[in-house]
Amino acid sequence: MRTVGCFLEYDGRFLILLRHSHKPNGDTWGLPAGKVDPGETDREAMLRELKEETGYKAMDKDLEHLKDINFGDRVSAYVFGAYKVKINEPYIMELEKAAHQDSRWVSAEECYELPNLIQDFHELLKLLDLVK
């Protein structure tokens with residue numbers, strides 16, 4: 001399985017979203033992210049997920065691919081494509097209310113300190129050298 005996620009960054013902080021408790025991985029913070037649909041490229045999926053979850057319409061040229069990372073084990077293995085979009089002015093986020101209950105702009109260190117991050121997010125921050 002392939003998933004993608006994006007660090008939507010402004011002024012040294014990035015956006016994280018809190019999933020509803022009744023959703024898979026409920027009550028956890030994560031990036032705007034999702035599965036890559038059949039016939040869709042990773043970049044197309046990332047642009048779609050970013051628009052669906054935050055209302056932000058990025059262009060393909062705005063996407064910076066950071067790294068593909070293998071997570072999980074034989075039973076639940078997946079590839080996570082990490083991306084970044086840097087914005088130069090404040091953005092009023094349009095939260096996807098069906099999936100998320102809250103949003104927050106955080107530094108990498110603030111994010112890492114949160115106890116309720118989605119699975120593998122702490123490791124992702126380390127693997128991308130965003131925290132020590």
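**View 1. Tyr-78 and its aromatic partner Phe-71 in the predicted model.** Tyr-78 has a relative accessibility of 15% and therefore counts as buried (under 20% relative accessible area; exposed is over 50%, partly exposed in between; 1.4 Å probe, protein chains only). Phe-71, at 8%, counts as buried as well. The two rings form a tilted aromatic pair, with 5.6 Å centre to centre and 35° between the planes. Rings of Phe, Tyr and Trp (its six-membered ring) pair if their centres lie within 6.5 Å; planes under 30 degrees apart are stacked, over 60 edge-to-face and the rest tilted. Residues are numbered from 1 along each chain as its sequence is written. Local features need pLDDT of at least 70, side-chain atom pairs count only at pLDDT 80 or more, totals for chains, interfaces and linings use all residues, and side-chain values use heavy atoms, without hydrogens and water.

**View 2. The aromatic pair of Tyr-56 and Tyr-91.** Three aromatic pairs occur in the structure. In this one, the geometry is edge-to-face, at 5.0 Å centre to centre and 85° between the planes. Tyr-56 belongs to the loop between α1 (42-54) and β5, and Tyr-91 to the loop between β6 and β7 (100-106), so the pair ties together parts 35 residues apart in sequence. Helices (H or I, at least four residues) and strands (E, at least two) are DSSP runs, numbered from the N terminus. Tyr-56 is buried, at 17% relative accessibility.

**View 3. Surroundings of Ile-16.** Beyond its neighbours within four places in sequence, Ile-16 has contacts (heavy atoms within 4.5 Å) with residues including Trp-29, Leu-31, Val-106, Cys-111, Leu-114 and Phe-121.
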